[in-house]
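Visitor: I'm new to reading protein models. Could you show me one and let me ask how you decide what to call things?

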Amino acid sequence: PSPTPAPVTPSPTPSCSELCCYPFDTDGNGGWSNSYMLGVCEEKGCHYVMWSNGSPYCSGTNYYHQCMEENCGVPAPTPAPITASPPPSQTPGSCLDVQLQLKTDNWGSETSWQLKEKNGVVLEKNRISYSSNTEYTEHLGCRPIGDNEYERYEFTINDSYGDGICCAYGAGSYKLTANEKILKKGGAFSSSESFKFPVDPKTIPNFKLELRTDFWGYESSWTIKDANGSQLYSGSGYSSSTTYLVDIMLPLDKCYTFTMKDSYGDGIYYGYYKVYWKGDQVMYVPGNFGYESGGTFGNCQNAYMVPIVPGDVALRDPPLGGNGKNKGKGNDNNGKSNKGNNKYGNKFENGK
């Protein structure tokens, strides 16, 4: 018969101090690494704490590689379970779910935007460089809002070249919505356009001007005056072949005079302007109206339009290539890319 094996005697279980406590690291460079010490402490159930600089050490009163005998064998406290903080509860009407629908023009990389609070803190901004002639939907978050709290947020869209995203170099546009309601839309601006919201319903604009400039936009200007002839608002310095929208809040109980001027004398020969009052179109003047055109609107006893008299000036043809945008391959004398306007009104980049 096979011999009976000797009984197996289990090895004595090492004490916590034998497994967890190591000699004091006098110079800070010897002994066991922080990560090893931490691992041993956790594995053997020894108590450990964190040094103020973030390094682990077995519980003791000296340097973090020391483990004191009296503290060994004390189980590490069970950490409380980490529960992700729930998002702040939003009651209906206390949050604005803001979205931006953006369609870029032929030069999408020029477009950027940001959303900020009235204290100037930027909450969101574009995180990519946009491609040309492409549609994007951006989610700007659900923004808290209180009752009767207006103009807490400001949205700004920018064009680095200064010609907006419509309409000379592509049919770009943008639409800003909150809770699926349109706050602002457009595309025809110069370097930037800003909009504050929510809007106090008492201040919603009741006057609107839509201006489509011709090939000589700098010639166009306009004014709004009250019944006493005092100028209230004006506009000038416009780019060519661009659509502009102007919104103004005016008192309802007064009479106003709107005047559009052209410094050359052929009106907006390849463009037009429209005036709206309380949502109704009250003026529409296209083409050649001479040096000025306009009329009265508002609470007027005898509203009138200025008779249109075409200007007695030489009519001009569109500039050659005036609607083109030339992307040539060229550099200036310093080897750097260049960008500007040529004598025909073309935009160019890296070329002549």
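Guide: Gladly! Among contacts (heavy atoms within 4.5 Å) between residues at least 6 apart in sequence, 62% join residues at least 24 apart. This is a predicted model, where local features need pLDDT of at least 70 and side-chain atom pairs count only at pLDDT 80 or more, while totals for chains, interfaces and linings use all residues. Residues are numbered from 1 along each chain as its sequence is written, and side-chain values use heavy atoms, leaving out hydrogens and water.

Visitor: What makes Glu219 and Arg316 a salt bridge?

Guide: The term asks for a side-chain nitrogen of Lys or Arg within 4 Å of a carboxyl oxygen of Asp or Glu. The closest N and O atoms here are 2.9 Å apart, so the pair qualifies. Glu219 and Arg316 both sit in loops, and the pair ties together parts that are 97 residues apart in sequence.

Visitor: Why is Glu219 called buried?

Guide: Buried means under 20% relative accessible area with a 1.4 Å probe, counting protein chains only; exposed means over 50%, and partly exposed is in between. Glu219 has 7% relative accessibility, so it counts as buried. At 18%, Arg316 counts as buried too.

Visitor: How do you know that Arg143 and Glu124 form a salt bridge?

Guide: Their closest N and O atoms are 3.8 Å apart, so they meet the definition. Arg143 counts as buried because its relative accessibility is 15%, and Glu124 does so at 17%.

Visitor: How many salt bridges does the structure hold?

Guide: Eight! One of them joins Arg152 and Glu117 at 2.8 Å, N to O.

Terms used: Helix = DSSP H or I, 4+ residues; strand = E, 2+ residues; numbered from the N terminus.
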